[in-house]
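Here are my notes on this one, in numbered points. Have the structure open while you go through them.

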Amino acid sequence: MLTTLTELTIVGILILTLFAVLGLVLVFMERKVSAYMQIRLGPNRVGYKGIAQTLADTIKLVVKEGLTPNGADKFLFNLAPFIVMFGAMLLMAPIPFARNSQIWDLNIGVLYITAVSSISVIGILMAGWSSNNKYSLLGAMRSGAQIVSYELSAGLAIISIVVLTGSLKISEIIASQETGWWIFRGHIPVLISFVIFIIAVTAETNRAPFDMAEAESELTAGFHTEYSGMRFALFFLAEYVNIFIVCAIGATLFLGGWMPFHIGNWAGFNHLMDFIPSSIWFFGKTFFLIFVIMWFRWTFPRLRIDQLLNLEWKYLLPIGMFNLLLMTIIAIMGWYF
Amino acid sequence: MSFLRNYISTVYNSVRSLLIGMRRTGYYFTHHKEIITQNYPENRDQLNLPERFKGEVVMPHNDNNEHRCTGCTACELACPNGTIKIITKFDISPEGKKKKAIDTFIYHLELCTMCNLCIQACPTDAIKMAQTFEHSVYDRSEFIKTLNKPDSKLMEGVE
Amino acid sequence: MFQEVGTTEMGDLIINVGPQHPSTHGVLHLVITLNGETVKKVEPHLGYIHRSIEKMCESLTYRQFIYVTSRMDYLSSHINNHACALIVEKGLQIEVPQRAQYIRVLLDELTRIASHQLWWGAMAMDVGAITPFFHAFREREVINDIMEQTCGARLTMNFMVPGGCMYDIHPDFVKSVKDFMAFFRSKLSEYDEMVTNNPIFQARMKDVGVISKENAISYGCSGPVARAAGVVCDVRKLSPYDVYSQVNFEEALETEGDCFARYKVRMKEMNESMRIIDQLIDNIPEGDFQAKTKAVLKLPKGDYYTNVETARGDFGVYIVSEGATTPYRIKFHSPGFCNLSALDHMTRGSKIGDLVAIMGSLDLVIPDIDR
């Protein structure tokens, strides 16, 4: 009993540390990526090449006063950032960070991920409604419509991998990629579902070009207009952690997670690849996907809300469904490598 | 069938032009020599402002602490904002003649819009624009400047 | 429940956009009535940056009042100054030397390009792409450097004086303008790659904020907004001032009248401006840069009107003179004001996101509207 409790505590502390570090690293990465794309230098004052800039900003946010507007529903207003945060935290459980290091390898891992990732929309709606601000309300409503729609496409894209693997368990999905990642083995249908997945999760995490919920030129800051100080920081952190998680899921399902780059039965080559630690493979793939999502943000204009829903219902969903059908046929006939 | 062809070509063309845009930002991401911003306070020495840059009005003095301002107040009249205020006095020359000269040439930097009209108006080229641009100070009173140096005199031969 | 979030009984949502809002390019205050995401009504409120420039000008002499006009439409300050210099020259019948006219037109066109570049970046930023904003500033910075080299300031130049220019051009002027032209031409394809051909951008702009030719005329729109609806209204063509009558250029016209047409008109105008500069830059005649004028200028009794084409449209100056050293009454006709009045008409029935895109495509400069 006691050992279990100690274990849980250690894991909890590790996850919290990972959260904080991820927030710092990803915010710094986003700033540098945007700076280089915008032919700027980016943060370069605090610490060596500005590495400590996000740390300084965090300290600023922590010591800032957290205002609660007078007309706000105080309970929900204070609760909302934590709900968003909890949603992000719960998603950490089934993600395998390296070989044999997974917090909870439950047998319905993929289902769990799709289910829990919908929780954050409740937090966003709560924040928008309780702020008693029209911008927040509009942002929250947009966000609700958006996340609910795009979850379908993300789900369909994920299912196509489940169809190929025949299992919902994350560890089995990774094990099935022993002889090559699904994105290479599954022909064009997997590639298409990978693209759909990336687009859908970009929308689900409220990132540009789908940042309807924030849309700074239309709604000031959307659902978190009224938040300040640490509560704002929680939203901010949750956004980046969510990006990390969806990219980690994408890397796990399509790019083999911690599985090194293997090609079929080339034992020598596979053995050579195994020398690179599995955690490096995992974080390398995840950060590559995060970079792609950042690349989207700093290149594309934002869609309008009706165009956003059009894209989902007229393009992504039909393509996704047709793709799933194709994938099922491929899986049944065993036409993949 | 044409509907399907349209649908596919729309998707193809959209994705293609989106990728072209991403190639452009990707190019700038990898080519750091294209960066145009500078580390400002560190590169003060390399900042070369053009000689015509209008930073603030100054009154050049030569080595003998002499300036060229006769106190004609042409600049004061030309100024649209009341930036310049000249207080004149009467010097008594060795021959016993009274001669008009400036006592203080007051310049309000906080009112100045750098329109250059005073410099255009000056008949003796006594004032000119300096290429300074870092004007912030801690107290507003520091903006009110006296341009002529203490005990300075009118240069010989300037009428 | 609806009452609590400040809606009317009809179920409409009334939102204040501005004066502190990231999309309003300044201190414009819009009261928009929404039905869900759909805009029902837009009501612009002005007065946040009213500095009574017209009244200020009435207490300044004909040499002094020019500098104030740079503070109105600060993005085409040079062209505003040009209009003021022209009206004084018209009143006093001053013959401006050819060289001065060439320099003025060259700088006018450079200002127009700089203004459109800033608009291009801001337009892209309004629809959500932030990166083009910085790319636009890279090219604009080169123009600002040229301005700084010749006029001594980057934005509010005050380079025009009645009778010509304040200085002669800098010895390096011709070379730097040519360098800029080569540089800008090489970068224009990037503008297309990043923004014009982007399907998301086109979807945001096409068939949004449509204004018909008739409505554009009756709202008094001018500049690119009217030209995008097919109204022939370029003052440089209709009543050429300075050397505009001697250069070949085409008036950029579109017929759709939507945001994308306004976008295309401005992109074309940048090309036409470069054409004008190409024709003039090698042929700047020798001579004076300023005509001899009296020390004190007094406009004869009467009233005077002149208009020029700024980057935003038809800018007019109207002066009533009583024969004194200062104008008796001065009135500016600013293009932005008329273009803003059409905002409500354009926006009704579109989404909030469209409102922002339409505002961007109108290229509003609030100090110009409010004065």
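Notes on chain A

1. Chain A has 14 helices and two strands, counting DSSP runs numbered from the N terminus, with H or I of at least four residues for helices and E of at least two for strands. The radius of gyration of chain A is 20 Å, close to the 20 Å from the globule rule for 337 residues, so the chain is as compact as a globular protein of that length. That radius is taken over C-alpha atoms, and the rule is 2.2 Å times the number of residues to the power 0.38.

2. A word on the source: this is a predicted model, where local features need pLDDT of at least 70 and side-chain atom pairs count only at pLDDT 80 or more, while totals for chains, interfaces and linings use all residues. Residues are numbered from 1 along each chain as its sequence is written, and chains are lettered from A and ligands numbered from 1 in the order in which they are written.

3. Along its principal axes, the C-alpha trace of chain A spans about 65 × 50 × 45 Å. As for burial, 47% of the 337 residues of chain A count as buried (20 or more other C-beta atoms within 10 Å of a residue's own, with C-beta atoms placed from the backbone).

Notes: A residue is buried if 20 or more other C-beta atoms lie within 10 Å of its own, exposed if 12 or fewer, and partly exposed in between; C-beta atoms are placed from the backbone.
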